[in-house]
Amino acid sequence: MPEQAVARQDSRETLSFYVVGALFLIVVPLLNVLPAEDSWLHISDFRLNQFGKFLAFAILALGLDLIWGYCGVLSLGQGVFFGFGAYCMGMYLSLQIGKESVYGSELPDFMVWTQVKELPLFWYPFKNFIGGFLGAMLVPMLFATIFGFLAFRSRIKGVYFAIITQALAFAAWLVFNRNETRLGGTNGLTDFKQLLGFRLSDPSTQRGLYILTVLALAASYMLCRWIVASRAGNVLIAIRDSESRVTFSGYTPWKYKLFVFVVAAGLAGLAGMLYVPQVGIITPAQIGVLPSLEVVIWVAVGGRGTLIGAILGAVAVNYGRSVLTNYFPEAWPFILGGLFVVVVTMFPDGLVGMIRKLSDRKKTPSPLIKAEGSTAA
Amino acid sequence: MTDGDLILNCENVVVDYDGFKALNNCNFSVHYNELRVVIGPNGAGKTTLLDVICGKTNPASGKVIFEKGVNLVGKNAEDITKLGVGRKFQAPSIYGNLSVWQNLDLSVKRASKGVFPTLMGRSSPAERERIDETLGTIGLSDYAYDRAGSLSHGQKQWLEIGMVILQDPLLLLVDEPVAGMSDKETEQTGRLLTALSEKQAIVVIEHDMDFVRQIARIVTVLAEGTVICEGTVEKVQADDHVREIYLGRAKVAH
């Protein structure tokens with residue numbers, strides 16, 4: 001019975017959520033702390049930190065999956081919202097450097113050598129952690145509200161929306177690159193020392209940040225799960241399948257699009273906020289057109305329209321990159337591009353689709369998205 | 001006809017597509033609980049007429065009075081849906097990646113269809129019962145949890161009719177429901193529409209004359225954007241003007 005098949009799929013996903021969650025939350029940090037450094041079980045501080053980064057990316061991917069995978073609206077500007085979150089947290093961290101900076105000034109280093117004498121007004125809220133935290137969440141969401149309102153209300157959709165968001169990513173990149181923006185220009189914000197009094201160079205701080213990222217990812221996943229399982233989640237899928245029909249069922253599509261766009265922006269901001277203290281730097285190169293496109297590839301590879309797929313794709317592609325760039329640094333863009341082409345043409349449901357197809361082969365047809373009706377873009 | 005019991009009254013409606021008048025001073029009215037069939041050659045403006053009523057197309061001039069004096073012209077589709085006009089499109093227009101049940105659940109008439117009420121909303125037992133009942137009416141009880149995209153063409157058409165019924169429309173607009181259906185499916189659709197017309201007014205656009213004979217009480221003939229004849233099937237088929245329009249063209253009268 002299909003109903004049972006869906007239920008089985010659900011309980012299987014819940015089970016794997018707990019298993020994988022416990023693995024990342026408890027087992028991985030323990031393997032970092034307990035085994036001797038030369039043991040094959042040992043996970044180095046470097047690896048742990050790297051996983052933390054990947055899991056932050058997974059939060060970003062979840063947001064894109066919500067708007068693209070479920071609602072069919074392709075946004076090529078998620079990197080911008082990630083950047084807003086990252087920069088807000090970065091500004092807080094920059095102000096925490098204090099006298100430890102290279103020039104020994106209370107101002108961040110880049111301000112000293114760009115001859116900024118006083119802290120610009122818009123930096124003030126980031127003097128304390130609450131300001132940085134709220135900024136990292138609210139700035140992307142507020143911006144997405146305004147941008148999304150203008151775009152969705154004017155019924156900009158499909159390819160046009162994708163192009164506009166790409167233009168947004170490019171514009172943001174240009175603005176953040178300028179020294180006059182007072183955000184460190186091309187060099188961005190870096191050289192952070194401490195977060196809430198914890199030294200960022202300390203492995204235990206990084207371990208804490210890693211655990212925090214796992215928890216944030218779990219919370220984000222549950223939030224998305226809840227949205228997707230609600231009736232509003234069905235409306236999102238309905239919009240993807242047949243937007244004009246949704247109007248005649250009495251719903252206003254643009255309001256739903258705006259809602260998920262803002263949620264996705266919030267998730268991107270959260271991801272950016274977690275990324276900065278773990279990676280230790282944020283520059284315009286990490287928020288422009290290319291990083292935004294990469295998110296699309298993660299989701300496509302993992303399997304769009306499945307939340308697990310977004311997480312899986314983000315982690316797998318980034319892990320693949322870290323391994324492969326060791327051996328073929330120059331070939332990575334080609335590998336990534338090739339991967340995208342292969343997935344889109346041969347495995348439209350991504351890794352998750354492949355796994356489900358294999359495990360369901362003799363049981364029931366998979367209830368995954370079938371290529372039908374209007375697809376994204 | 002008295003004006004008092006009209007559910008819909010279109011007055012002098014003009015739709016102009018860059019000089020081509022899809023509707024040209026069209027006057028068309030429907031009574032409560034009436035099952036009206038609209039026929040006419042290709043390009044007569046039948047679908048455009050439904051588009052105007054449900055808010056998909058804005059007329060250049062004219063009035064569309066719904067119920068007691070509400071002018072639908074200028075209102076958007078969502079608001080017209082809320083007032084009680086349901087539209088079944090020509091091509092089956094359902095949500096292929098949702099289950100049949102979910103398709104119906106989304107369509108149920110509810111106080112608010114805003115984002116947050118919908119996010120929090122759970123189907124009440126009464127609503128579930130209503131959906132199950134509708135599943136029975138449209139003959140899809142056995143397919144409730146199937147992906148709607150996997151249904152046959154005829155079943156998709158019924159599903160969409162079911163979706164429209166659940167909006168509790170006072171007026172149901174149905175565009176060529178039996179195109180592409182088998183004879184048996186056509187007959188079932190006819191019975192379904194006849195049964196529904198006991199509760200609401202229905203306007204059906206159709207080409208299939210056998211089907212028209214099965215369901216119609218009054219037929220309206222549309223040509224070149226205006227109503228040229230209205231009456232029983234026999235009267236319409238005997239009309240010289242109608243014969244002239246269809247001559248050598250369609251399969252209408254025989």
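Which residue of β7(B) is the bridge partner of K88(B)? In the predicted model described here, that partner is V174(B).

## Basis of the description

The model is predicted, and local features need pLDDT of at least 70, side-chain atom pairs count only at pLDDT 80 or more, and totals for chains, interfaces and linings use all residues. Residues are numbered from 1 along each chain as its sequence is written, while chains are lettered from A and ligands numbered from 1 in the order in which they are written.

A residue is called buried if 20 or more other C-beta atoms lie within 10 Å of its own, exposed if 12 or fewer, and partly exposed in between, with C-beta atoms placed from the backbone.

P177(B) is located in the loop that runs between β7 (171–175) and α7 (183–196) of chain B. Because 28 other C-beta atoms lie within 10 Å, P177(B) counts as buried. Leaving aside neighbours within four places in sequence, P177(B) is in contact with K88(B), Q157(B), I161(B), T189(B) and V204(B), contact meaning that the C-beta atoms of two residues, placed from the backbone, lie within 7 Å. The C-alpha atoms of P177(B) and G149(B), which are 28 residues apart along the chain, are separated by 18 Å.

## The antiparallel sheet of chain B

Four strands of chain B form an open sheet in the order β2-β1-β4-β5, with antiparallel pairing. Strands β2 and β5 (70–71) of chain B stand at the edges, each with a single partner strand, so one side of each is left without a neighbour in the sheet.

Strand β1 (residues 6–17) of chain B is joined by eight bridges to strand β2 (residues 20–31) of chain B, the two running antiparallel, and Y17(B) stands opposite F20(B) in β2(B). In the hairpin formed by β1(B) and β2(B), with two residues between the strands, D18(B) takes a positive phi near 50°. β1(B) also pairs in the antiparallel sense with strand β4 (residues 61–66) of chain B over five bridges; in β4(B), C10(B) has V64(B) as its bridge partner, and E11(B) stands opposite K63(B). In the loop between β4 and β5 of chain B lies E67(B), which has a positive phi of about 50° although it is not a glycine. E67(B) is partly exposed, with 16 other C-beta atoms within 10 Å.

Helix α5 of chain A (residues 129–153) has 25 residues and reaches 35 Å from its first C-alpha to its last, close to the 36 Å expected at 1.5 Å a residue; the expected span is 1.5 Å times one less than the number of residues. A kink of about 30° in α5(A) is centred on G135(A), the bend at a residue being the angle between axes fitted to the seven residues ending there and the seven starting there. The buried residues of α5(A), among them G135(A), M137(A), P140(A) and F147(A), pack against α3 (78–97), α6 (158–177) and α10 (253–279) of chain A. R155(A), with a positive phi near 60°, follows α5(A).

Helix α10(A) has 27 residues and reaches 38 Å from its first C-alpha to its last, close to the 39 Å expected at 1.5 Å a residue. Since 25 of the 27 residues of α10(A) are buried, this helix is largely enclosed by the rest of the structure. G280(A), whose phi is positive, near 85°, follows α10(A).

## Contact between the chains

In chain B, 27 residues are in contact with 27 residues of chain A. On the side of chain B that touches chain A, α2 (77–83), α3 (100–107) and α4 (115–120) of chain B each supply at least two residues. The residues of that side divide into nine nonpolar, eleven polar and seven charged, where Ala, Val, Leu, Ile, Met, Phe, Trp, Tyr, Cys and Pro count as nonpolar, Asp, Glu, Lys and Arg as charged, and the others, Gly among them, as polar.

Notes
Pairing = 2+ DSSP bridges.
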